[in-house]
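Trainee: I am new to this one. Could we go through its charged pairs and helix contacts together?

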Amino acid sequence: MPVPNFAATVDHFSSRLAAAHTALARAWLERLDELLSVEARDVFPTHQLLDHIPDLLKEISGYLRAPADQEIAANTAVMAKAAELGLLRFDQRASVHQLLREYQILSEILEAFFAREAALLGERGDATAAVLVVSRAQQAVRVLQQKTVDAFITRYTETIERQTAQLRNFSRLVSHEIRQPLGVRQVLARVLSAREAETETA
């Protein structure tokens, strides 16, 4: 019976995830599709999301092999992709709740994938390595989720601030326009009152 090898087990999971990244992204999208109404699909273009999710999964597969002290947040390319996803979902009128649910589903799909791979490895796999791989993948998903949500909230805040400023400017303009004719009317009222008073005393 072969002795389980830690490095070989990690390599197996990483390679299998890299090979399956597109299929897993499609499985993720199918799960999301079940949650969405017909109207929501109008703002949920499949091809755009499938540009992002496979790339993130491929980066996670590489991260599984990285040294223990290396964080996925140090990978500027993958963090930029996660931020792009947040902006894309904002433009598609998603909500933060939707984003969190989408990443939760991604986590569930990865857990199921790693469980199947661990079963295929059987006794050839190192149990400690398998646990660490799953933990590392979930940590990567959490970091990417945070980056996506941060980008979404930043864009949301900027939009609200811009709309508030526009509303404030509009209110000032309307207030000014209203005061102008009112000022003229007040002067006319005073002039007419003065004339009436003069007529009464004459």
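Mentor: We can begin with glutamate 117, which forms a salt bridge with arginine 16, the closest N and O atoms being 3.1 Å apart. A salt bridge here is a side-chain nitrogen of Lys or Arg within 4 Å of a carboxyl oxygen of Asp or Glu. This is a predicted model, in which local features need pLDDT of at least 70 and side-chain atom pairs count only at pLDDT 80 or more, while totals for chains, interfaces and linings use all residues. Residues are numbered from 1 along each chain as its sequence is written, and side-chain values use heavy atoms, without hydrogens and water.

Trainee: Which helices do glutamate 117 and arginine 16 lie in?

Mentor: Glutamate 117 lies in helix H5 and arginine 16 in helix H1 (residues 6–35), so the pair ties together parts 101 residues apart in sequence. Helices are DSSP runs of H or I, at least four residues, numbered from the N terminus.

Trainee: Is glutamate 117 buried or exposed?

Mentor: Glutamate 117 is buried, with a relative accessible area of 4%. Arginine 16 counts as partly exposed at 35%. Buried means under 20% relative accessible area, exposed over 50%, and partly exposed in between (1.4 Å probe, protein chains only).

Trainee: And what does arginine 89 form a salt bridge with?

Mentor: Its partner is glutamate 102, with the closest N and O atoms 2.7 Å apart. Arginine 89 lies in helix H4 and glutamate 102 in helix H5, so this pair links parts 13 residues apart in sequence. Both residues, arginine 89 and glutamate 102, are buried.

Trainee: How many salt bridges are there?

Mentor: The count comes to nine.

Definitions and conventions: Helix = DSSP H or I, 4+ residues; strand = E, 2+ residues; numbered from the N terminus.
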